[in-house]
Amino acid sequence: MYAPRLEEHFDELPKQRHAARLGVWIFLASELLLFAGLFALYFGYRLHYPEVFIEGVVHNGRGLGTLNTCLLLLGSVAAAAGVGELRRDRDGRARILFALGTLLALAFLGVKGTEYARHFHEGIAPGGSGAFFAAHREPGWPVFFTLYFAMTGLHAIHVVIGMLLLGAVAVWIGRRRPGRAGAHRAELAALYWHFVDAVWVFLWPMFYLLGGGR
Amino acid sequence: MSSYLGPPTTIRSWLFSTDHKRIGVMFLVATTVMLALGGVLALLLRIEHLTPGPTIMQAATYNRVFTLHGVIMVWLFMIPSIPAAFGNFVLPIMLGARDVAFPRLNLASFWIYVAGSLVTLAGVVASGADTGWTFYVPYAAETFTEVMPILVGVFILGWSTILTGINFIVTTHTLRAEGMRWREVPLFVWALYGTSVIQVLATPVLAMVLLLVAFDHGLGWGFFDPARGGDVVLFQHLFWFYSHPAVYIMILPAMGVVSEVVCTFARKVPLSYVAIAASTFGIAFVGFLTWGHHMFVAGMSIVDAGIFGALSMFVAIFSAIKVFTWVGTLYRGSISFRTPLAYVFVFLFLFVFGGMTGVAVASTSLDVHWHDTYFVVAHFHFIMVGGTLTAWLAALHYWWPKITGRRYAEKWGLVTCTLTFLGFFTTFFPQFLLGNGGMPRRYYLYDETYQALHVLSTAGSWALGSAFAITLVYLAWSLVYGERAEGNPWGSRSYEWLTSSPPPPHNFDGTPVFRHSPYDYHLPPGS
């Protein structure tokens with residue numbers, strides 16, 4: 001039977017859990033500010049080069065970005081449902097749901113990789129190097145795609161971390177059968193995954209939808 | 001009685017200890033080494049300025065030395081100095097906790113600090129950088145010097161800061177002793193709380209922007225390169241969005257130290273607990289909205305400059321509330337004039353002086369004249385050295401018996417404090433006059449008319465340097481020969497003095513219950 005360990009500087013388990021949850025929330029606030037600098041740059045540069053940014057968004061197309069949004073949102077639903085199942089002591093279902101979340105994250109990375117490959121093939125690389133920029137000489141183009149690679153790249157790193165977390169939780173549930181005593185731990189991993197998801201929900205319009213109605 | 005100092009006393013038991021007290025001491029040692037390193041660089045800079053022409057180094061070396069002095073003092077010393085060393089040591093004890101909320105994360109924070117410092121210093125050894133501590137683009141992206149390890153090093157250091165901040169906030173929320181209400185949380189803890197909020201929310205922005213500069217420099221991304229459509233002013237906005245609040249990361253903990261020392265050595269209830277605690281958050285909040293005052297001459301509209309200037313003055317209001325509350329607390333107190341209080345007097349004088357010049361440079365019309373001159377250099381040294389460093393010295397003396405269980409030599413402390421003040425004032429006051437006279441900062445050569453003031457400033461730096469050296473010597477001496485301290489040598493009512501000095505491994509014997517406020521000097525002793 002799984003029983004969470006009470007650290008010696010805490011008096012009781014609920015307090016220790018509260019501390020862990022609060023710690024993760026504050027960490028996520030900090031993570032959000034990591035992206036905030038890039039968001040500020042995006043809007044700063046978009047004001048400089050509104051036409052180029054619209055063209056860039058249209059160039060990216062809506063399809064793959066929207067597909068990825070669906071994958072991430074479904075992953076979040078799976079993780080949240082997994083925590084709920086664990087709370088009801090249904091370890092088997094919880095494990096399947098967390099494994100599903102992990103696979104959806106992997107699928108996201110697959111789609112993202114395809115998209116990057118397509119960009120490289122078109123001659124679009126960070127820093128405005130590549131054949132594409134020889135044909136598109138307006139000064140905003142390198143900035144748009146450098147931002148695109150920087151922001152989605154940083155997000156992809158977070159997806160990898162989230163995927164590993166969800167996968168670890170799935171394996172852990174399978175091995176330890178923690179039941180409701182382990183729901184707290186699973187919840188922390190799910191929180192992180194929801195954050196990854198929430199950031200993407202903002203990246204999606206910025207790079208795939210705000211194309212001036214085209 | 002057993003204490004945190006040992007046994008075990010092996011090196012391994014220190015380096016991998018999760019005890020917040022040992023981690024605090026390790027931070028204290030590491031940051032003091034950095035202070036010495038940055039201080040030696042400062043002395044070299046001052047020697048170079050003894051003559052208007054080349055004195056002891058070449059122009060390229062000069063540029064690297066002032067850059068490294070800034071980088072080391074800001075990121076390796078001042079930001080972690082009070083929170084990571086003294087905060088780590090006393091915050092949990094002040095709250096009656098056995099440790100911080102996440103002890104392993106705390107140890108990780110220390111090792112990340114060490115790793116970041118080593119990477120930064122590797123850049124120094126490789127060739128150093130000549131960008132100034134501000135890393136302004138486009139120059140930082142193009143310089144041939146080794147700016148890369150320094151950018152990466154500061155990026156790594158940022159995570160140490162963030163983890164410490166998270167730990168302090170969560171500890172304050174979850175590990176207060178039974179019976180401690182929010183109105184009874186010691187003022188130093190409030191100061192650290194405000195600091196932690198800034199650390200958690202501002203540091204990641206800097207981390208990101210420095211990483212982008214590193215990509216620009218290393219991979220040629222041209223993110224801020226005007227030739228490819230980049231905007232160098234956007235970099236400045238993001239840089240100062242962190243680096244202005246960063247000065248509050250440096251000064252807020254110092255203010256917390258002052259609050260503790262003033263109450264203890266005046267034996268008085270603070271004139272207004274709420275005013276001190278609330279103004280901390282006033283500064284922390286407004287501090288996020290003032291970054292533009294670094295950029296008045298960077299092509300900012302008059303409206304924006306006016307707004308940033310006005311918001312900056314709010315900081316002065318909150319700071320003044322604190323200063324008046326401290327002075328009001330001292331007034332008619334039962335003053336016991338010891339070294340920590342002596343340093344607090346120095347702090348009050350220099351901080352008010354530096355603060356008033358800060359209000360002056362926040363006025364756009366005056367700033368245009370003083371921008372990038374020695375006036376600004378003198379202003380921020382008055383706040384950072386005159387403020388943070390003197391409070392750091394006050395904290396060092398105040399908590400020395402708590403940390404080491406030994407008494408330092410009081411006479412030496414008072415004499416050295418006087419020397420510190422005289423040395424400091426002689427070093428930096430002439431720089432106000434230099435700047436007002438038109439001497440630009442970061443210049444290698446200067447006109448002969450400035451020489452007298454430069455020589456005076458250099459002479460002051462030697463007095464300041466000797467004061468630090470003497471302090472290190474008598475403190476080291478006290479470790480071996482100093483009188484043993486009783487549990488509470490200052491007669492303070494604050495919680496960290498309720499346990500023995502040095503404290504036992506788990507801070508208190510048994511679980512403490514605090515039934516009085518940490519400042520109830522109006523009650524008879526022992527109640």
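**Figure 1. Burial in chain A of the predicted model.** Buried residues, meaning those with 20 or more other C-beta atoms within 10 Å of their own, C-beta atoms being placed from the backbone, make up 41% of the 214 residues in chain A. The structure is a predicted model, in which local features need pLDDT of at least 70 and side-chain atom pairs count only at pLDDT 80 or more, whereas totals for chains, interfaces and linings use all residues. Residues are numbered from 1 along each chain as its sequence is written, and chains are lettered from A and ligands numbered from 1 in the order in which they are written.

**Figure 2. Helices of chain A.** Chain A has 7 helices and 0 strands; helices (H or I, at least four residues) and strands (E, at least two) are DSSP runs, numbered from the N terminus. Its pattern along the sequence reads α-α-α-α-α-α-α. The C-alpha trace of chain A spans about 65 × 30 × 30 Å along its principal axes.

**Figure 3. The contact of chain A with chain B.** Chain A contributes 31 residues and chain B 30 residues to the contact, two residues being in contact if their C-beta atoms, placed from the backbone, lie within 7 Å. On the side of chain A that touches chain B, the elements giving two or more residues are H1 and helix H6 (140-176) of chain A. H1(A) gives the most, with 20 residues. By class, this side of chain A holds 17 nonpolar, 11 polar and 3 charged residues; Ala, Val, Leu, Ile, Met, Phe, Trp, Tyr, Cys and Pro count as nonpolar, Asp, Glu, Lys and Arg as charged, and the others, Gly among them, as polar.

**Figure 4. The crossing of H1(A) and H7(B).** The axes of helix H1 (residues 13-48) of chain A and helix H7 (residues 187-219) of chain B come within 7 Å and cross at roughly 40°. Axes are lines fitted to C-alpha atoms, for helices over the stretch in contact, with angles from 0 to 180 degrees between N-to-C directions. H1(A) and H7(B) are therefore oblique to each other, as angles under 35 degrees count as roughly parallel, over 145 as roughly antiparallel, 65 to 115 as roughly perpendicular and the rest as oblique. Residues of H1(A) including A:Ile26, A:Leu33 and A:Leu34 meet residues of H7(B), among them B:Val200, B:Leu201 and B:Pro204. This contact has 13 nonpolar, 2 polar and 1 charged residues.

**Figure 5. Surroundings of B:Val213.** Leaving aside residues up to four places away in sequence, B:Val213 touches B:Phe135, B:Val137, B:Ala140, B:Ala141 and B:Leu151.

Definitions and conventions
A residue is buried if 20 or more other C-beta atoms lie within 10 Å of its own, exposed if 12 or fewer, and partly exposed in between; C-beta atoms are placed from the backbone.
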